[in-house]
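Reader: I am new to this structure. Please take me through one part of it closely, the charged pairs.

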Amino acid sequence: MKKNWKAALLAGLSLCLFLAGCGGAGGGGTPAKPKSDLPERKKISTPVASSFKVDGRTVNIYEYTGLTFKDQTLWTEKLAVDGDRIYFFGFDNKDKTYRSKLRSVSYKDEKLSDLKVLDGRANWRYRLVVSNGTVYDWHKKGDYNSIKANSPDYWHYYDGKAMVPTDLRGMTLVPIDQGKDVVYTEGSDYWIGTLEKGKLTKGKKLLSGTEAKKDGLSLKGQWADKDGFYLMGYLKNDKGGYYNVVRQFSLKDGKLLQTFEGPPTEESRGFAVTEHRVVLGQKGGIYWIYSKKDGKLLGKAQTEPKLTMEILTPMKNDSILIYRRINRSEAKLYRMDL
């Protein structure tokens, strides 16, 4: 009986070891890597400016080089990325009028080149979007050198040679996946339409202003992609302070899908929505990273050394363009690969 019992035990242990060896990824009992909904990144020869771990993978941040912007400042509140070009506002440091210019720069891998001034006539520019390959910005219409300060602002689009004024004014334009379908505002309400070369074709109402600003939401930004329409702003907490939130609404019926709650408002540093992630920045180089699919907070990560960001702009393939203002006359651009 003892021999039979020992033999049975030995056979059972052998079977367990065999199953353990065959069950892990790669065999030999090696545990499987955590499965992520993001693609694996290829190795890059460019040195990493900063990195951190979240959701079982390393997130790297790379600095774009090739241009310093010391003479042509990226003094901007908005950036847009389309194809292989980055669009932004800025001015020449030696220009005493501080006339704002629409500029673009080409990027390949981690190198910047081919800095262009697309339009340099406006005194100031407020908004910047890309719709179906066309760049739009918002500024005053007419003779920019002598126009009155209190004259109205209009959307303009770049036709490849100059900025062409449209009749669109007093509205927000949010291209869906930067295509021709857009979310736009009429009064405080949001509607869906199509935009082509400055012509807006109106469609259905998506969301009322009352629902959008429910609970006293103060708006700071918008974004739209195939998964929804996003409003970023801040809400008051129970203690009288304010914190940042991103609300995701359905593009089908305008219903609230989920809310991403982020850092205190006084420490906020922008937000970005990519294919699979929602990211909110916080003072001190801290990033709050969420799964867009289920709203789960995957982690709060701090860069080391601290990389203070000012503006976060979505790029393709779950990457984010980071604008960092060094001082009044210098700024740098980085890319975060989630």
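Author: Start with a cut-off. A residue is buried under 20% relative accessible area, exposed over 50%, and partly exposed in between. The model is predicted.

Take Lys226. Its relative accessibility is 64%, so Lys226 counts as exposed. Lys226 forms a salt bridge with Asp227, with 3.2 Å between the closest N and O atoms. Asp227 has a relative accessible area of 29%, so Asp227 is partly exposed.

Now look at Asp225 and Lys292. They form a salt bridge too, and the closest N and O atoms are 2.9 Å apart. Asp225 sits in strand 16 (residues 218-225), and Lys292 sits in the loop between strand 22 and strand 23, so the pair ties together parts 67 residues apart in sequence. Asp225 is buried, at 5% relative accessibility. Lys292 is buried as well, at 6%.

Side chains of opposite charge can pair when their charged atoms come close. Another such pair is Asp137 with Arg125, a salt bridge of 2.5 Å from N to O. Asp137 lies in strand 9 (residues 134-140), while Arg125 lies in the loop between strand 7 (111-119) and strand 8 (128-131), so this bridge ties together parts 12 residues apart in sequence. Asp137 is buried, at 0% relative accessibility. Arg125 is buried at 2%.

The count of salt bridges comes to 15.

Technical notes:
Residues are numbered from 1 along each chain as its sequence is written. This is a predicted model: local features need pLDDT of at least 70, side-chain atom pairs count only at pLDDT 80 or more; totals for chains, interfaces and linings use all residues. Side-chain values use heavy atoms; hydrogens and water are left out. A salt bridge is a side-chain nitrogen of Lys or Arg within 4 Å of a carboxyl oxygen of Asp or Glu. Helices (H or I, at least four residues) and strands (E, at least two) are DSSP runs, numbered from the N terminus. Buried means under 20% relative accessible area, exposed over 50%, partly exposed in between (1.4 Å probe, protein chains only).
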